[in-house]
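Hi,

Here is the structure I said I would pass on. Have a look at it first, and my notes follow below.

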Amino acid sequence: MNWIALLLTILGLVLLGLLLYWQLIIAEGAYLGPRVVVLMYDWSARIYERIKRYVPGDEQWFLGLPLTRALELIPVPLVLDVATGTGRLPRALLRQPAFDGRVIGLDLSRRMLREAVRRTAQFADRLTYVWQDARNLPFDDDTFDAVTCLEALEFTPDPRAVMAELVRVLRPGGVLLTTNRVGPDARFLPKRAFPRDEFERMLSALPLEDVKVRRWQQDYDLAWAVKIGEPRGGGIRPLPEILRCPACTDRLSREADLFRCISCGRAYPIDKDGVIKMARFERATLTSS
Ligand SMILES: C[S@@+](CC[C@H](N)C(=O)[O-])C[C@H]1O[C@@H](n2cnc3c(N)ncnc32)[C@H](O)[C@@H]1O
């Protein structure tokens, strides 16, 4: 009897270990909700780039250069990088000599953003960071010349809804650049990682054309697409013109060190490091430091 109990206990512990490994290591908390995902990125923000080991040349070749070329007809293009992490895409883009635009980086992990600010300090005058959830982008429709979201859709509760949100803020004729998880771990990410043909169909179901999905890294496909519609306008616009209140979607006005909703009065402070604080998860993340 004791042996059976021991065996069952060991089996239970092994199953629990496997479950935790799946949920926390492979899925990085994706099925446990955004708070857990954010907590994990907050914890690992300082070592994130050591784990990823980005090769600057590859970043330029696969991200910075093609995006710069896609935007070359727009004078001073405006780019939004959703789930910007430690500022990988802003860096790749702003290092391109031919890119003269501005970038807004948005993320839900305050500590990832703190790292991003530190790692992109030399581009501070062309870069703004916003602390907010990708599911509710605080921007007007049809705003950006390019919207990017790399290696992040699978960590959101509903990747389709986030993709729709990325396309909403992209202006007609604007470029979408995003990723889909592939490789050995993708099979352990049901409803977050998709077979390539299904991912292509998901993109094509949105108001997008020229959809191209190609193998990029061992774990990711890279997807390019263009928003359908008559291209108009484009280029940089002042923040109060494009920012929207995440609570009521009305416009914000700039005060000394905050943005305030002209309708509901909510205040969104600009932190000491320049990050605009819109997210609600105060306890799971950093407050002013
Ligand atoms: C694997 S990292 C990718 C970061 C960056 N795009 C890159 O390629 O290095 C995933 C990022 O997604 C962010 N993230 C996860 N869920 C999010 C959400 N709901 N809204 C905004 N950012 C989110 C995390 O905080 C993390 O910085």
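**What I found**

Buried residues, meaning those under 20% relative accessible area with a 1.4 Å probe and protein chains only, make up 49% of the 289 residues in the protein. Before you go on: this is a predicted model, where local features need pLDDT of at least 70, side-chain atom pairs count only at pLDDT 80 or more, and totals for chains, interfaces and linings use all residues. Residues are numbered from 1 along each chain as its sequence is written, and side-chain values use heavy atoms, leaving out hydrogens and water.

The protein has nine helices and eleven strands (DSSP runs numbered from the N terminus: H or I of at least four residues for helices, E of at least two for strands). Along the principal axes, its C-alpha trace spans about 75 × 40 × 35 Å.

Contacts here are heavy atoms within 4.5 Å. Of those between residues at least 6 apart in sequence, 67% join residues at least 24 apart.

Now for the helices. After H1 comes Glu28, with a positive phi near 50°.

Which residues are buried in helix H2 (residues 34-44)? They are Pro34, Val37, Val38, Tyr41, Asp42 and Ser44. The buried residues of H2 pack against helix H3 (48-52) and helix H6 (110-119).

Cheers

Notes. Buried < 20%, exposed > 50% of the residue type's maximum accessible area, 1.4 Å probe, protein only.
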